[in-house]
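Q: Could we go through this model together? I would like to start with the charged pairs and then move to the sheet.

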Amino acid sequence: MCVLSLAEKDRIQIRFFRDQAGVLLDVHPHLIDQSNGAIVVACSDGDQMPDVFKHHEKICAHHREHSRIHLFALNGGAKLISENSPLRMYQEDEVLLSHIRVAREKKNIDTVVLYAHAPCAVAYDKKLSFAEVLELLFQGKERVKREIPGVKVACFCHVDHGDGKKRTYFVSCKAWSKLRETESMIKTLRHA
């Protein structure tokens, strides 16, 4: 079995974003309205998807009796939506956006949840740091909101710390934007 491990520089960045910058936060299900379900865009990584799905079912259960997760999963997941994504092989961004639009219309779901995860094989193939993965996630969020007005978009990140320790975080766009204002900090983290 080939299970990917977190790179040391990603561990450093994850600790920074979690412990100092307030970008990676505990998930509080009541803050993300999923009363009518959620459209979830995640990576199809077979080593992580079962944990991601189970965790999101628990979030959904906070709002409704039965989970209602409308899932789209491709290699790279939500990171494919960014207009600048180096992870796309074809036009997965357009495919995902089209399917989100249809799901919203047919299922009447206005909450879109974008997932990143670490470690991510396709991100590692492109030599992307964890900070760059988060940047792609937020660019994807901005694009979904711009191209599909009226949806609520939340970002999450699933981290496999190793040794069976997995954790899903809410990813704060507000904290990320504040951190981005200190561009030298981001450049430093990207090259850590």
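A: Asp-26 forms a salt bridge with Arg-167, and their closest N and O atoms are 2.1 Å apart. Asp-26 lies in the loop between S1 and S2 and Arg-167 in strand S6, so the pair ties together parts that are 141 residues apart in sequence.

Q: Before we continue, what is the confidence of the protein?

A: The model is predicted. The protein averages a pLDDT of 88, and 93% of the residues score at least 70. Confidence is lowest in helix H7 (residues 183-190), with a mean of 58, and highest in helix H3 (residues 92-107), at 97.

Q: Back to charges, then. How many salt bridges are there in the whole structure?

A: A search of the whole structure finds 14. One of them joins Arg-101 and Glu-147, with the closest N and O atoms 3.3 Å apart. This pair links distant parts of the chain, as Arg-101 is in helix H3 and Glu-147 in helix H5, 46 residues apart. Arg-101 is partly exposed, at a relative accessible area of 32%, and Glu-147 is partly exposed at 27%.

Q: What about Arg-180?

A: Arg-180 forms a salt bridge with Glu-135, where the closest N and O atoms are 2.9 Å apart. Here too distant parts of the chain are linked: Arg-180 is in helix H6 (residues 173-180) and Glu-135 in helix H5, 45 residues apart. Arg-180 is partly exposed, with a relative accessible area of 36%, whereas Glu-135 counts as buried because its relative accessibility is 9%, and the cut-off for buried is under 20%.

Q: How does S4 pair with S2 and with S5?

A: S2 (residues 38-42) and S4 run parallel and are joined by 3 bridges; Val-41 has Leu-114 in S4 as its bridge partner. S4 and S5 also pair in the parallel sense, over 8 bridges, and the bridge partner of Ala-116 in S5 is Cys-157.

Q: How many residues of S4 are buried?

A: In S4 (residues 111-118), 8 of its 8 residues are buried. In a regular strand the side chains alternate between the two faces of the sheet. Both faces of S4 are covered: one side has Thr-111, Val-113, Tyr-115 and His-117, and the other has Val-112, Leu-114, Ala-116 and Ala-118.

Q: What joins Ala-118 and Pro-119?

A: A cis peptide bond, with omega about 0°. Pro-119 lies in the loop between S4 and helix H4 (121-125).

Q: Last topic, aromatics. How many pairs are there?

A: The structure holds 6 aromatic pairs. The rings of Phe-156 and Phe-170 have centres 6.0 Å apart and planes at 85°, so this pair is edge-to-face. The pair links distant parts of the chain, with Phe-156 in strand S5 (residues 152-162) and Phe-170 in strand S6 (residues 165-171), 14 residues apart. Phe-156 counts as buried, at 0% relative accessibility, whereas Phe-170 is partly exposed, at 24%.

Q: Which residues form the aromatic cluster?

A: Phe-16, Phe-17, Phe-130, Phe-138 and Trp-176 form one aromatic cluster.

Note on methods. Residues are numbered from 1 along each chain as its sequence is written. This is a predicted model: local features need pLDDT of at least 70, side-chain atom pairs count only at pLDDT 80 or more; totals for chains, interfaces and linings use all residues. Side-chain values use heavy atoms; hydrogens and water are left out. pLDDT is the predictor's confidence in each residue, from 0 to 100. Helices (H or I, at least four residues) and strands (E, at least two) are DSSP runs, numbered from the N terminus. Rings of Phe, Tyr and Trp (its six-membered ring) pair if their centres lie within 6.5 Å; planes under 30 degrees apart count as stacked, over 60 as edge-to-face and the rest as tilted. Buried means under 20% relative accessible area, exposed over 50%, partly exposed in between (1.4 Å probe, protein chains only). Two strands pair if DSSP finds at least two bridges between them. A salt bridge is a side-chain nitrogen of Lys or Arg within 4 Å of a carboxyl oxygen of Asp or Glu.
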